[in-house]
Amino acid sequence: VESAANDFLRIFRSLYEYVDYFVVNIGDPGVSDPSPLRSHDEIRTVLNELFEFRRGQNQYRPVLLKLSIDWPLSLIDDLIDILIGTPLDGVVVGGATVARSGLQTPEKTLLQIGFGGLSGPLLLPRTLKLIDYVSHKTEGRYPVIASGGVSSPEDVQRLLDAGASLVEIYTGIVYNGPGFAKHICKHLAATAHQRIASATKEEETSHRDSQQQEKESTSDESGPSSTTRQTDE
């Protein structure tokens, strides 16, 4: 653990003035057991070194913790507790997976290839599920960056709807090209416009219905009294 903390701190100090934020990845997707640091104390030891160094700097760099879709929810819950109880600024959810389910490649070939991080569209369902879980557990109080499985603008919208604050793209931009980000932004803008227009229309309809109900209620109240006055006369 001490060696890991020193390694993280050395990189943290070397890059501090050059980056916008840091993501601490306590797991390695290139091995069969992607989480070498599991206990609260081990992870806090690594993070505390980074926080201590950051406190002595003039510029603030956010520090986020990477959460893997391969980890059990018990470990995710422990890491959320650390997020809440330390100066961490948020989490990155997703990344590559060591799982091989859903692939068409024969198992024999996969064994020959060996362990390693798998990326691509197969990650999206699991990333969505974990994004939803983390965002609900943290009640939206922390930034949640989605990472993994994005292959279309619609995928990005689904991740944002699930609770993500930002979305990272890796494999998707390789297969869709550098214009992929532009297509995503256009889709998000169009979707936002449609949702605003739909919400405005629903609000206007609700307002008209409310006015109509109020008008009918007033008419019902005034009708009998008028009849009564005429009868009295």
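Valine 63 sits in strand 2 (residues 63–68). Helices and strands here are DSSP runs, helices being H or I with at least four residues and strands E with at least two, numbered from the N terminus. At 0% relative accessibility, valine 63 counts as buried. Buried means under 20% relative accessible area, exposed over 50%, and partly exposed in between, with a 1.4 Å probe and protein chains only. Beyond its neighbours within four places in sequence, valine 63 is in contact with Phe12, Phe22, Val24, Phe51, Arg54, Leu88, Asp89 and Gly90. Contact means heavy atoms within 4.5 Å. Leucine 47 is 16 residues from valine 63 in sequence, and the two C-alpha atoms are 8.9 Å apart in space.

This is a predicted model, in which local features need pLDDT of at least 70, side-chain atom pairs count only at pLDDT 80 or more, and totals for chains, interfaces and linings use all residues. Residues are numbered from 1 along each chain as its sequence is written, and side-chain values use heavy atoms, with hydrogens and water left out.

**The chain as a whole**

The protein chain has eight helices and five strands. From the N terminus on, the elements run α-β-α-β-α-β-α-α-β-α-β-α-α. Of the 233 residues, 33% count as buried. Take the contacts between residues at least 6 apart in sequence: 70% of them join residues at least 24 apart.

**Salt bridges**

Side chains of opposite charge can pair when their charged atoms come close. A salt bridge here is a side-chain nitrogen of Lys or Arg within 4 Å of a carboxyl oxygen of Asp or Glu. By this rule the count comes to six salt bridges.

Aspartate 89 lies in the loop between helix 3 (73–85) and strand 3 (90–94), and arginine 54 in helix 2 (residues 40–55), so the pair ties together parts that are 35 residues apart in sequence. Arginine 54 is buried, with a relative accessible area of 7%. Both partners, Arg54 and Asp89, are also among the contacts of valine 63.

Aspartate 77 is partly exposed at 22% relative accessibility. Lysine 137 is partly exposed too, with a relative accessible area of 40%.

Aspartate 161 is in helix 6 and arginine 195 in helix 8 (residues 180–232), 34 residues apart. Aspartate 161 is partly exposed at 46%. Arginine 195 is partly exposed at 44%.

**Helix packing**

Axes are lines fitted to C-alpha atoms, for helices over the stretch in contact, and angles run from 0 to 180 degrees between N-to-C directions.

| Helix pair | Angle | Axis distance |
|---|---|---|
| Helix 1 (residues 2–15) and helix 2 | about 30° | 8 Å |
| Helix 2 and helix 3 | roughly 40° | within 11 Å |
| Helix 5 (residues 124–137) and helix 6 (residues 153–162) | about 25° | 8 Å |

Angles under 35 degrees count as roughly parallel, over 145 as roughly antiparallel, 65 to 115 as roughly perpendicular and the rest as oblique. A crossing is right-handed if the near helix is turned clockwise from the far one by less than a right angle, and left-handed if anticlockwise. For residue classes, Ala, Val, Leu, Ile, Met, Phe, Trp, Tyr, Cys and Pro count as nonpolar, Asp, Glu, Lys and Arg as charged, and the others, Gly among them, as polar.

Helix 1 and helix 2 are roughly parallel to each other. Their crossing is right-handed. Helix 1 contributes Ala4, Ala5, Phe8, Leu9, Phe12 and Arg13 to the contact, and helix 2 contributes Thr45, Val46, Glu49, Leu50, Phe53 and Arg54. These residues divide into eight nonpolar, one polar and three charged.

Helix 2 and helix 3 pack at roughly 40°. That makes helix 2 oblique to helix 3. The crossing is right-handed. His40, Ile43, Arg44 and Leu47 of helix 2 meet Asp78, Leu79, Asp81, Ile82 and Gly85 of helix 3. By class, four are nonpolar, two polar and three charged.

Helix 5 and helix 6 pack at about 25°. Helix 5 is thus roughly parallel to helix 6. They also cross in a right-handed way. Residues from helix 5 include Leu124, Leu128 and Ile131, and those from helix 6 include Arg158 and Leu159. This contact has five nonpolar, two polar and three charged residues.
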